[in-house]
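Student: I've just opened this one and I'm new to it. Can we go through it together, one question at a time?

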Amino acid sequence: MGLAELMTVAPSHQDQAFVHEAFLYRDSEEFLRGMLRFIRAGTENGEPVFVVLSAEKIERLKEALGEDAERVLFADMAGIGANPARIIAAWREFVDEFGAGGQQPIRGIGEPIWPGRSDPELAECHRHESLLNLAFADTPSFRLLCPYDVSALDPKVVEEAERTHPFVSDLESFRDSGSYRGIDAIAAPFADELGDPPVRAEELVFDGDSLAEVRELVARWAEKAGLVGPRAENLVLAANEIATNSIRHGGGSGVLRMWTEDGVLLCQIEDRGRIEMPLAGRLQPVLDKPGGRGLWLANQLCDLVQVRTFEDGNVVRIHMAGSR
C-alpha cells in the first residue's frame, strides 16, 4: 500500500476528537520511515507537531528532517516521562498552547515504553496510555502516535498496547484495535494487582496526631537507603502529603509501610478512602479548586507513584531509587 492510499485509510483527525494509535515497528529503518511520514504529513499541512522520544532518536529524526526540524517541537522522554504520570500534563500544555481551542489540528509522537523499563514502570506506562484516551477524549483535532518496538519488547507489552489504543498501525496498514478496552473501563477505579509488601516491611498506623511520626519514619528509611539532600526531603514531603490525604479523605487514619527492594526504597500508604478520579495526580491542580495537590506533588517529586483503589480502600506506593 502506498503512502497516498494509506492516508485515505487512516481517519482524518480533523474530523475526530482524538486519534490515539499504537505504531508497531520492527527495526530502526521502519521507525524512521514511520515517524518521518507522520511528522511531514503534519508540517506540510501547517500542523504543530510535538515529538517526545529518547535523545538518540530525536537526533536521528532531526538529521533526517534537515531544515524541517525547525518546524517541530522536541522533548526528551527520559526527562518528561521517567515517571509516566507526568506525561499527560506535558501533552495538555501542548494542546492548550497550540490547539487553539480545538480549531487547529495538532499531532504528537510519544514513546513512553522502551526495553529496560522495570515491571512497575511498565504497569504505570500502560496505565498512562489508557488514561490518554480519557484525558483528551473531548480534544478536537489531536492525533497522537505511540511507537512500539515489537522486535525488542515482550509480546505481552505489545498485546497490552492494543488494549490501550483505539487504533493500531504499521508502515502498511491502519486499523481499529479489536482489543481496545473503551472509555468506561478506563474511567473505572484502577484495581490492578499490586504485590503485597514483604513481611520485613516496617509498619506505622497513623492519624491526625501522628503525622510527625510519619515524617520521622520516612526520613529514617531515606537515610538508610542512601537518599540525601533534596531527594530525601522530596520523599518526606510527598509521604506527608499522601498521609494528610488519608486523614482528610480516607477515614481519618492510615497505615504506612516502608521497605527496600532491588535498591529501591518503597513507601506505601493505605487508607479506607476511594479515589474516584482516574486522572488524580496527573493534571496540574486548579488554584481555585480544593484537592488534588497531594498526588500531583508526589508525582512531581518522586521517581514513581502507583495508585490503586480496591474494595476496601486506597493504596499509594511511592518508589525512590537509592543513592545516585
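Student: How far apart are the mean positions of the positive and negative charges of the protein chain?

Tutor: Keep in mind that this is a predicted model. The protein chain has 33 positive and 54 negative charges.

Student: What radius of gyration does the protein chain have, and what would a compact globule have?

Tutor: The chain has 324 residues, so a compact globule would have a radius of gyration near 20 Å. The C-alpha trace spans about 65 × 35 × 35 Å along its principal axes. As for the radius of gyration, the value for the chain agrees with the globule figure: it is 21 Å.

Student: How many helices and strands are there, and what share of the residues is buried?

Tutor: The protein chain holds 11 helices and 12 strands. Buried here means under 20% relative accessible area. Of the 324 residues, the buried share is 52%.

Student: Of the contacts between residues at least 6 apart in sequence, what percentage join residues at least 24 apart?

Tutor: A contact means heavy atoms within 4.5 Å. Take the contacts in the protein chain between residues at least 6 apart in sequence, and the share that joins residues at least 24 apart is 71%.

Student: How many disulfides are there?

Tutor: A pair of cysteine sulfur atoms has to be within 2.5 Å to count. By that rule the count is zero. Cys-125 is in no disulfide, as its nearest cysteine sulfur, in Cys-146, is 11 Å away. Cys-302 is in none either, with the sulfur of Cys-267 as the nearest, at 8.0 Å.

Student: Are Cys-125 and Cys-302 buried or exposed?

Tutor: The cut-off for buried is under 20% relative accessible area. Cys-125 has 0%, and Cys-302 has 0% as well. So Cys-125 is buried, and Cys-302 also counts as buried.

Student: Which residues does His-126 touch, leaving out those up to four places away in sequence?

Tutor: His-126 sits in helix α6, which covers residues 119-135. With a relative accessible area of 12%, His-126 is buried. Its contacts beyond those sequence neighbours are Ile-113, Val-157, Glu-160 and Thr-164.

Student: And how far is the C-alpha atom of Ala-185 from that of Arg-175?

Tutor: Ala-185 belongs to helix α8, residues 183-187. At 44% relative accessibility, Ala-185 counts as partly exposed. Ala-185 and Arg-175 are 10 residues apart along the chain, and their C-alpha atoms are separated by 21 Å.

Conventions: Residues numbered from 1 in each chain as written. Predicted model: local features only at pLDDT ≥ 70, side-chain atom pairs only at ≥ 80, totals over all residues. Heavy atoms only, no water. Helix = DSSP H or I, 4+ residues; strand = E, 2+ residues; numbered from the N terminus. Rg over C-alpha atoms; globule rule 2.2 N^0.38 Å. Buried < 20%, exposed > 50% of the residue type's maximum accessible area, 1.4 Å probe, protein only. Lys, Arg positive; Asp, Glu negative; His and termini not counted. Charge placed at Lys NZ, Arg CZ, Asp CG, Glu CD.
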